[in-house]
Amino acid sequence: MAQSCCQQPHSHQHAHGHAQPNAPQMMAPQIDPAVQARIDANFRPVDLAIGGPALAFAFCQNHKREKCTDCNVDFSSLNRISKIFITNPNLRCPPPPTVVQQKLSQAVTNTKDEGNNLYKVGKHKEALAKYNFAANIAVQRPPWENSALFREELSTVVSNRSAALFELGDYLGALVDAETVVAIRRNWAKGHFRKAKALVGIGRLEEAKEAVSLGLQFEPNNAELNSYMAELQKTMQETGSKNADVTSVSAIPGAA
């Protein structure tokens, strides 16, 4: 009896130690019919060629181009993601959008600041080179990171580049950059100010006034825009024209 009593608890512990809990049943994700319908509606099979490093890049089948208007394909975004994964072998999947590459942000800021220092001492050509470099760094940000951060970084650099181009007398180049700033960060007054200055540079005063007016819709109390609007209106009254020759725009502070 004593032996039997000793064995019974041992037998109970053995059984308890090997008991396996019931594994939870994995439920297959439910497909949203609306999402599936959109995928099916937009799905268009295309012939493609694979090449490049690690055979990880897509090109059109007929011309071996990444972006081909003849074949109506554009694999640039797909190839950009492939490049990111190839250059970051430890990156198994995109991290959450809250994860930001601090080194990239610091590189953009440092290069932009170098350009700002050159700009302040009148070395506009050298500043332009720094802004170009900073913009090239900014666009390397992975597409899954915070888009607001990307827009802020890039718009600031391109805005400064617009200013450098303006000082170098490239008013059309300054206008193109200003338009880019407005497109990616429409509610930022500085982009509208840069656009107005570039338009003044090529003598299109009425359009410059419209650019300032649009900027004031987002920031009605912006001192820079309000001051520039007053100078624009004064110049237009004095010249009696909605447009002006490039030689006459020097009447507006900062326009030349």
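Analyst: One term before we start: contact means heavy atoms within 4.5 Å. And keep in mind that this is a predicted model.

User: Got it. So what does Ser 159 touch, leaving out residues up to four places away in sequence?

Analyst: Leaving those out, Ser 159 touches Val 181, Trp 188, Lys 190 and Arg 194.

User: And where is Ser 159 found?

Analyst: Ser 159 belongs to helix α6.

User: Is Ser 159 buried or exposed?

Analyst: Buried. Its relative accessible area is 0%, and buried means under 20%, so Ser 159 falls on the buried side of that cut-off.

User: OK, zooming out. How many helices and strands are there in the protein?

Analyst: The protein has ten helices and four strands.

User: In what order do they come, from the N terminus on?

Analyst: From the N terminus on, the order is α-α-β-β-β-β-α-α-α-α-α-α-α-α.

User: What share of the residues counts as buried?

Analyst: The protein has 256 residues, and 32% of them count as buried.

User: What about contacts between residues at least 6 apart in sequence: what share joins residues at least 24 apart?

Analyst: That share is 55%.

User: Back to α6. At what angle do α6 and α8 pack?

Analyst: About 20°, and their axes are 10 Å apart. Helix α6 covers residues 147–167 and α8 covers residues 189–201.

User: Which residues make the contact between α6 and α8?

Analyst: On the α6 side they are Ser 159, Asn 160, Ser 162, Ala 163 and Phe 166. On the α8 side they are Lys 190, Arg 194, Lys 197, Ala 198 and Gly 201.

User: How do the residues of that contact divide?

Analyst: The contact of α6 with α8 has three nonpolar, four polar and three charged residues.

User: Now α7. How do the axes of α7 and α8 cross?

Analyst: Helix α7, residues 171–184, has an axis that comes within 8 Å of the α8 axis and crosses it at roughly 155°. That makes α7 roughly antiparallel to α8. The crossing is left-handed.

User: Which residues meet there, in α7 and in α8?

Analyst: From α7 there are Tyr 171, Ala 174, Leu 175, Ala 178, Glu 179, Val 181 and Val 182. They meet Gly 191, His 192, Arg 194, Lys 195, Ala 198, Leu 199 and Gly 201 in α8. The residues of this contact are eight nonpolar, three polar and three charged.

User: Let's switch to the strands. In what sense do β1 and β2 pair?

Analyst: They're antiparallel, over four bridges. Strand β1 spans residues 48–51 and β2 spans residues 57–60. Gly 51 stands opposite Phe 57 in β2.

User: What lies between β1 and β2?

Analyst: They form a hairpin with five residues between them. In the turn, Gly 52 has a positive phi of about 80°.

User: Last one, Glu 224. Where is its place?

Analyst: Glu 224 is in helix α10, residues 223–239. Its relative accessible area is 32%, so Glu 224 is partly exposed.

User: What does Glu 224 touch, again skipping residues up to four places away in sequence?

Analyst: Lys 190 and Phe 193. Glu 224 and Lys 190 are 34 residues apart in sequence, and 8.6 Å apart in space from C-alpha to C-alpha.

Methods:
Residues are numbered from 1 along each chain as its sequence is written. This is a predicted model: local features need pLDDT of at least 70, side-chain atom pairs count only at pLDDT 80 or more; totals for chains, interfaces and linings use all residues. Side-chain values use heavy atoms; hydrogens and water are left out. Axes are lines fitted to C-alpha atoms, for helices over the stretch in contact, and angles run from 0 to 180 degrees between N-to-C directions. Helices (H or I, at least four residues) and strands (E, at least two) are DSSP runs, numbered from the N terminus. Ala, Val, Leu, Ile, Met, Phe, Trp, Tyr, Cys and Pro count as nonpolar, Asp, Glu, Lys and Arg as charged, and the others, Gly among them, as polar. Buried means under 20% relative accessible area, exposed over 50%, partly exposed in between (1.4 Å probe, protein chains only). Two strands pair if DSSP finds at least two bridges between them. Angles under 35 degrees count as roughly parallel, over 145 as roughly antiparallel, 65 to 115 as roughly perpendicular and the rest as oblique. A crossing is left-handed if the near helix is turned anticlockwise from the far one by less than a right angle, and right-handed if clockwise.
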